[in-house]
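Work through the exercises below with the model open. Try each task before reading its solution.

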Amino acid sequence: MEKIRSLDDLSQVRKQAQEVAQANAEQCHFIIRISVASCGVAAGALDVLRIFQQHLEHHKKEDLGAEQTKSICVIPIGCLGLCSLEPMIQVKEAGHPQITYGKVSPLVARKILQQHILQGRIVQENVVELM
(Lines give C-alpha, C1' and ligand atoms only; values in the text may rest on other atoms or scores of the structure.)
Protein backbone atom coordinates (compact mmCIF):
# COMPACT_ATOMS: atom_id res chain seq x y z
CA MET A 1 0.00 0.00 0.00
CA GLU A 2 1.27 3.41 -0.90
CA LYS A 3 1.50 6.26 1.58
CA ILE A 4 -1.56 8.38 2.10
CA ARG A 5 -0.53 11.85 1.01
CA SER A 6 -3.83 13.68 0.67
CA LEU A 7 -7.44 13.70 1.74
CA ASP A 8 -8.33 12.14 -1.62
CA ASP A 9 -5.92 9.26 -0.92
CA LEU A 10 -7.54 8.75 2.48
CA SER A 11 -11.02 8.81 0.93
CA GLN A 12 -9.97 6.16 -1.59
CA VAL A 13 -8.56 3.88 1.14
CA ARG A 14 -11.77 4.35 3.15
CA LYS A 15 -13.90 3.48 0.13
CA GLN A 16 -11.89 0.31 -0.49
CA ALA A 17 -12.19 -0.71 3.17
CA GLN A 18 -15.96 -0.17 3.06
CA GLU A 19 -16.22 -2.34 -0.05
CA VAL A 20 -14.33 -5.16 1.65
CA ALA A 21 -16.52 -4.84 4.76
CA GLN A 22 -19.68 -4.94 2.62
CA ALA A 23 -18.45 -8.03 0.76
CA ASN A 24 -17.72 -9.75 4.08
CA ALA A 25 -21.16 -8.85 5.41
CA GLU A 26 -22.83 -10.35 2.36
CA GLN A 27 -21.01 -13.68 2.49
CA CYS A 28 -20.65 -14.19 6.25
CA HIS A 29 -23.48 -14.95 8.64
CA PHE A 30 -21.02 -14.42 11.51
CA ILE A 31 -18.05 -12.07 11.38
CA ILE A 32 -15.64 -12.67 14.24
CA ARG A 33 -13.00 -9.97 14.68
CA ILE A 34 -10.11 -10.87 16.96
CA SER A 35 -7.86 -8.11 18.30
CA VAL A 36 -4.28 -9.17 17.63
CA ALA A 37 -2.41 -5.94 18.34
CA SER A 38 0.62 -6.20 20.64
CA CYS A 39 -1.45 -5.95 23.84
CA GLY A 40 -3.79 -8.69 22.62
CA VAL A 41 -0.94 -10.94 21.54
CA ALA A 42 0.74 -10.49 24.93
CA ALA A 43 -2.53 -11.53 26.61
CA GLY A 44 -2.98 -14.66 24.45
CA ALA A 45 -4.98 -13.50 21.40
CA LEU A 46 -3.06 -15.76 19.02
CA ASP A 47 -4.23 -18.81 20.98
CA VAL A 48 -7.81 -17.52 20.71
CA LEU A 49 -7.35 -16.91 16.98
CA ARG A 50 -6.13 -20.49 16.56
CA ILE A 51 -9.24 -21.84 18.32
CA PHE A 52 -11.51 -20.10 15.79
CA GLN A 53 -9.31 -21.09 12.83
CA GLN A 54 -9.30 -24.72 13.95
CA HIS A 55 -13.08 -24.64 14.23
CA LEU A 56 -13.33 -23.38 10.66
CA GLU A 57 -10.97 -26.08 9.42
CA HIS A 58 -12.79 -28.95 11.13
CA HIS A 59 -16.44 -28.04 10.77
CA LYS A 60 -18.47 -27.64 7.64
CA LYS A 61 -21.77 -25.78 7.25
CA GLU A 62 -23.80 -28.87 8.13
CA ASP A 63 -22.19 -28.87 11.59
CA LEU A 64 -23.74 -25.49 12.36
CA GLY A 65 -27.23 -26.78 12.97
CA ALA A 66 -30.44 -26.50 11.04
CA GLU A 67 -29.57 -23.23 9.33
CA GLN A 68 -27.40 -24.42 6.47
CA THR A 69 -26.59 -20.93 5.20
CA LYS A 70 -24.54 -19.90 8.22
CA SER A 71 -20.94 -19.10 7.46
CA ILE A 72 -18.23 -17.79 9.74
CA CYS A 73 -15.52 -15.34 8.77
CA VAL A 74 -12.65 -14.76 11.19
CA ILE A 75 -10.82 -11.46 10.73
CA PRO A 76 -7.75 -10.42 12.73
CA ILE A 77 -7.93 -6.72 13.62
CA GLY A 78 -5.84 -4.13 15.45
CA CYS A 79 -6.23 -2.57 18.85
CA LEU A 80 -9.68 -1.94 20.32
CA GLY A 81 -8.29 0.42 22.97
CA LEU A 82 -9.15 -1.61 26.07
CA CYS A 83 -5.87 -3.34 26.83
CA SER A 84 -6.95 -4.46 30.30
CA LEU A 85 -9.71 -6.56 28.70
CA GLU A 86 -7.52 -8.36 26.14
CA PRO A 87 -7.83 -10.75 24.45
CA MET A 88 -10.95 -9.21 22.93
CA ILE A 89 -13.21 -10.37 20.14
CA GLN A 90 -16.21 -8.90 18.40
CA VAL A 91 -18.98 -11.16 17.12
CA LYS A 92 -21.33 -9.73 14.51
CA GLU A 93 -24.22 -11.92 13.44
CA ALA A 94 -26.21 -10.85 10.40
CA GLY A 95 -29.25 -8.90 11.51
CA HIS A 96 -28.08 -8.57 15.14
CA PRO A 97 -26.03 -6.01 17.06
CA GLN A 98 -22.32 -6.62 17.45
CA ILE A 99 -21.26 -8.19 20.75
CA THR A 100 -17.80 -7.43 22.17
CA TYR A 101 -16.24 -10.00 24.47
CA GLY A 102 -13.29 -9.36 26.78
CA LYS A 103 -10.81 -11.54 28.64
CA VAL A 104 -11.31 -14.29 26.07
CA SER A 105 -9.16 -17.28 26.99
CA PRO A 106 -9.08 -20.40 24.79
CA LEU A 107 -11.70 -21.90 27.13
CA VAL A 108 -13.96 -18.84 26.72
CA ALA A 109 -13.39 -18.93 22.94
CA ARG A 110 -14.70 -22.49 22.84
CA LYS A 111 -17.65 -21.44 24.98
CA ILE A 112 -18.43 -18.57 22.57
CA LEU A 113 -18.29 -20.99 19.65
CA GLN A 114 -20.60 -23.49 21.33
CA GLN A 115 -23.07 -21.11 22.94
CA HIS A 116 -23.12 -17.94 20.83
CA ILE A 117 -22.24 -19.16 17.35
CA LEU A 118 -23.86 -22.60 17.40
CA GLN A 119 -26.74 -22.08 19.84
CA GLY A 120 -27.45 -18.35 19.59
CA ARG A 121 -26.93 -17.66 23.32
CA ILE A 122 -24.66 -14.76 24.27
CA VAL A 123 -21.94 -15.61 26.82
CA GLN A 124 -23.02 -12.87 29.23
CA GLU A 125 -20.16 -13.11 31.72
CA ASN A 126 -17.62 -12.00 29.09
CA VAL A 127 -19.61 -9.25 27.39
CA VAL A 128 -17.56 -6.06 27.70
CA GLU A 129 -20.48 -3.80 28.71
CA LEU A 130 -21.15 -6.06 31.69
CA MET A 131 -17.55 -6.31 32.95
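A polar contact is a pair of N or O atoms within 3.5 Å; within protein, one must be able to donate a hydrogen and the other to accept it, and residues adjacent in sequence count only if both atoms are side-chain atoms. The model is predicted: local features need pLDDT of at least 70, side-chain atom pairs count only at pLDDT 80 or more, and totals for chains, interfaces and linings use all residues. Residues are numbered from 1 along each chain as its sequence is written, and side-chain values use heavy atoms, leaving out hydrogens and water.

**Exercise 1.** Describe the surroundings of Glu86.

*Solution.* Start with location: Glu86 lies in the loop between β2 and β3 (89–93); strands are DSSP runs of E, at least two residues, numbered from the N terminus. Next, polar atoms: the backbone nitrogen of Met88 is 3.0 Å from a polar atom of the Glu86 side chain. Then contacts (heavy atoms within 4.5 Å). Beyond residues up to four places away in sequence, Glu86 touches Ser35, Cys39, Gly40, Ala43, Leu80 and Lys103.

**Exercise 2.** Find the disulfide and locate its two cysteines.

*Solution.* Apply the cut-off: two cysteine sulfur atoms within 2.5 Å. The search of the whole structure gives one disulfide. Cys28 is joined to Cys73, S to S 1.7 Å. The angle about the S-S bond is -70°, making the link left-handed. Cys28 sits in the loop between α1 (7–27) and β1 (30–35), and Cys73 in strand β2 (residues 72–77), so the pair ties together parts 45 residues apart in sequence. Cys28 and Cys73 are both buried, that is, under 20% relative accessible area (1.4 Å probe, protein chains only).

Definitions and conventions:
Helix = DSSP H or I, 4+ residues; strand = E, 2+ residues; numbered from the N terminus. Buried < 20%, exposed > 50% of the residue type's maximum accessible area, 1.4 Å probe, protein only.
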